[in-house]
Amino acid sequence: MRSATTLLSKPWTWSFFGAAFVFILAISFTGGVGAADMITTALSLAVFTIVVGLGQMMVITLGPGNVDLSLPANIGLASAVSMTLMNGSDSLVAVGLLAALGCGLAIGIANYLMIRALGIPPIVATLSSSFVVQSMDIAYGRGLQIKPPPGFADFINLQIGGVPVSAILVILLSAGVALLLRRTAYGRSVLAVGQNARAALFAGIAVERTRAATYALCGMLGGLDGALLAGYFRGANVDIGNEYLLSSIAVVVIGGTSVAGGKANVPGILGASLFLVLLLTMLNTFGVSAGVRLVATGLVIAAVVIAAGNRGLTDPDPG
Amino acid sequence: MLHSSPARVMRDLLPALSLALVMATIALLNPRAISYLGFTLMLNLAVPIALATVAQMFIIAGNDLDLSIGPFVSFVSCVGATWLIDKPAAGILLLIMSVGGYAALGAIIQWRKLPSIVVTLGMSFVWQGLAILILPSPGGTAPDWLQALMNIKPPLLPFPIAAALVIAVAAWFGLMRTSYGAILRGSGGNAVAIARAGWSLLKIKAVLFALAGLFGVFSGLALLGVTTSADANIGSGYTLLSIAGVILGGGEFVGGIVSPVGAIIGALTLALAASPLLTFLNIPPDWQVGANGVILIVVLAARAQIGRKAVGT
Amino acid sequence: MADAPIVCLNDVEKQFGVVRALDGVTLDIVNGECIGLVGHNGAGKSTLMHILAGTLMPSGGHVLAAGAVQQRYSPARAMQLGIRCVFQELSLCPNLTVAENARVYHAVLRGFGWRRNAANLISAKLNEIFPGHDIRPTDLVQDLSIGRRQMVEVARAFTETSGPARLIILDEPTSSLDAHASRQLLAHIRRAVGLGTSFVFISHLLGEILGCCDRVVVMRDGKIVAGDRTAVLDYDRLMMAMGGTKGGMEAAMQAGAGDAAPLRVRARPVRESFGAELIAREGEVIGLSGLAGHGQTELLRKIFLASGRRRGDIDVRGSLAFVAGDRQNYGVFPLMSITENIGVGSLAQLREGFFLSPRKESALAETWRGRIAIRTPDMRNNILSLSGGNQQKALFARALGSEARIILLDDPTRGVDVTTRLEFYDLIRSETRTGRTFLWYTTETEELMHCDHVYVFRNGAIVADLARRELSEEKVIQSSFGEAD
């Protein structure tokens, strides 16, 4: 194994380098003050991007056109549902979490049914469902600021030696997803469907079941994220998921997963999430205005994608 | 055996049928809305939406997607409300440069073979940020000539419908009837074939994106003319509205299959369904957003079902 | 006094990374000759063609045309010189009409009235080459069958606007055409040669090459290894030059399974609700034939998708596997390795507990690498590193490596070289001895000799049902066209 050169040639390692670079810029601005806190906070925040990034990655890998734009609404509704059911009591945490997962699962299945049974393209289907879910959330939540149970909220915020426990758990989750993708028949089916859906059908793969399972999985991860976010920020609300629409897609692509489908990259999700969170932290440290922050974030995302290019496989055999 | 079956005709007429259905529903609920004044009011936002939809159509024709058109429209209207009034020459130059920026973006996407979804996603942040920098809080005014244009009262047709007609004819002619339009569309159908025939894909992509930028500028200015003041956040819904309009109008994400006329009709349908229809149906405010979603689902499902019958699956 | 050559290749080389696709090729093409270009898959024919057409630049050597070295050769320059190319993967835009596709080809077709001019141009040429066709210039290409698309593409290559077509390169031009249209094309080529146009004709159908070309050039491993006038060549000599085995097309005279064998498939084609049905018994090789695009592929797909269930007019008893002929769209997973492409047909069998076993997967791949002779240094390489014929072998291995008892073959040997085909035929025969059933659609009537029973399709229905002993090429062609006279 030519370790050093292979490592450098893999696209996703750059996202970790990018994260490190941005971090260095940030602390050089503060003169090194608060570096440890910055890392801890970044890790805590990256957790939420990673969870939805993993779900979005699976959906995008299903093939061109597949994307889940209902994640923000999903997150919002799940945060309200889970907090309501937990009802401030630690003994009901499991119930609340299950409800959040179930809510996300339902949204995922609904998305899939719209795509499959009604024939609506995924972009528009998931967008439309996000509208509907948003209304449900508004009607359900009715502005009540539901607080999470104290034990649950504390756990989400728990750190051991400056490392958030949630970050460790999310790394385990990522490992699980990677294993699912590479070493199970389901994961292989997702990759096959993403690369050539017709070939997958005629190779005997249960294409529609694979798609359904993937949208369901993504939905569940969104639901989970809703509950976790409500715990971390100590309260549920409708807009809690809004920023995750664009960031979930951005970490998938910056992390090296192919938008054309059929090729997924789990470590990239971790690196890219860290990178995005640290980028925002750096901009905040610099004290820039909202407008500059947006322009800078956008240019950086665009620049990263342009620099990486598209290592799409060109056919070396012309005949 | 393969020439215009009844099912295919039906599929092509679907956008018009959807529009008719929405109008019929409105007529049922509020007959007075079906009048010159009624249409002018209900559809006053339809013109900027239609222009944005045409912009998206050029991008989709090339197998790409522009997730930044909404913020771009906001940006243009902000420029219009400030620079075009205070320093018009600089403002016009800025707008021309932004069309150039769109063209450059298209060229980079083609040159580096990038996924347009992500690049335009990044650009959406950029346009949004620029809009906020130019106009931090809603305000500004529309230039007189712009307001005058958007307030024209043509004799027979309400202005929005007349404008939509003009835009539809122009877009249809340019993309579907000219010889270079065939090349542009061909790049979405089989880019390799177009390249093999000696055409420059780089130039084609730049042209498609430049056209999108141009119509984006028209859209932003039209929006400003109608609302007479600008808001950096106003265009955010336009991205998804424009995509829905193209698809509703018979376009497909892949294959270079788009219909300019269908896209305009789709935009009109969505403009009507998005707000006026809901108001007449007395949907409570909490559920307005959800109702938009349901309408989108119903209309697109219908299109897909009829489309399936046309293809014979 | 010889004509100045249209184009010359001088010691041309082409490398793709470590692969030497062309290893010093010298070729002169003059007016009024049809050159046949033959060789196995991976021999370099396609690369040579791309160099001539300007779509690939040589890594070494020169391309000369109009007496001068072409420094910046390109497709546009080639067009200027009158060099046209019809590639195997069709170069039409499916979302445009036939006339618009003609416009794409000719930059001068613009301005007022361009549409009418383009339509007239392509219609005239279609009428000239394929009289009796039913293609309209306003047809959308995506609505046309693949045979008609190929007719359009070929006709388009012959159209002339700003200059004559002096050299037309055709890569497997009859692969999707039925026998009738193929004959029309070959006749037209001979007429055009008589009028001074030159052709480079790439085909695996040695019969066509010998019948249509003035001279033949044989390639192997990136070099030209032989060349001679067709007048002094015959089938066997050509095969030897290509490095293939002698006398390929003898049918393996195995007795097919008798009527006592259990029924495996019973199916009625799409467009008829009564009439002849297809019956396949265990261990049989059933051929589907007839003009291309007359329902054979549709029936095979329908049978595959009905698998296991009993659906009205389809009754399948046994598990199914499918070998696609259109491997780009229905077969190959371009980002997976050869091993993974083979293993994807057997995911259930590769499981060990909850996960897939990499060990079992590589074992399966290695088994088949040996059995079917897949030429590659490492099965873990990406599948696109294989030549086209070897990719097809991998698809075969996927189907045969699965546990399926019924194998559906959708014209899988299209564009595959003769040696590989012979390997396939042997494999099919030996698999039937283990009780596997094959349903085999082929566009080459010679291959039907390997079948126990042949069903001839016309317009989506089965019109003839021929047992082995009744088979002859004439019979098949006759049935394809309906009653003679």
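Student: How many residues does the contact take from chain B and from chain C?

Tutor: Two residues are in contact if their C-beta atoms, placed from the backbone, lie within 7 Å. Here the contact takes 18 residues from chain B and 22 residues from chain C. On the side of chain B that touches chain C, the elements giving two or more residues are helix H9 (179-189) and helix H10 (191-196) of chain B, and H9(B) gives the most, with seven residues. Helices (H or I, at least four residues) and strands (E, at least two) are DSSP runs, numbered from the N terminus. This is a predicted model, in which local features need pLDDT of at least 70 and side-chain atom pairs count only at pLDDT 80 or more, while totals for chains, interfaces and linings use all residues. Residues are numbered from 1 along each chain as its sequence is written, and chains are lettered from A and ligands numbered from 1 in the order in which they are written.

Student: How many residues does chain B give to its contact with chain A, and of which classes?

Tutor: Ala, Val, Leu, Ile, Met, Phe, Trp, Tyr, Cys and Pro count as nonpolar, Asp, Glu, Lys and Arg as charged, and the others, Gly among them, as polar. That contact takes 39 residues from chain B and 39 residues from chain A. The side of chain B that touches chain A has 27 nonpolar, eight polar and four charged residues.

Student: Why is strand E21 of chain C described as largely enclosed?

Tutor: A residue is buried if 20 or more other C-beta atoms, placed from the backbone, lie within 10 Å of its own. Five of the six residues of E21(C) (residues 453-458) are buried, so the rest of the structure largely encloses this strand.

Student: Which strands pair with E21(C)?

Tutor: Two strands pair if DSSP finds at least two bridges between them. Strand E13 (residues 285-290) of chain C runs parallel to E21(C), joined by five bridges; C:Ser289 has C:Val456 as its bridge partner. Strand E22 (residues 461-467) of chain C pairs with E21(C) in the antiparallel sense over six bridges. In the hairpin of E21(C) and E22(C), two residues lie between the strands, and C:Asn459 takes a positive phi near 55 degrees.

Key
A residue is buried if 20 or more other C-beta atoms lie within 10 Å of its own, exposed if 12 or fewer, and partly exposed in between; C-beta atoms are placed from the backbone.
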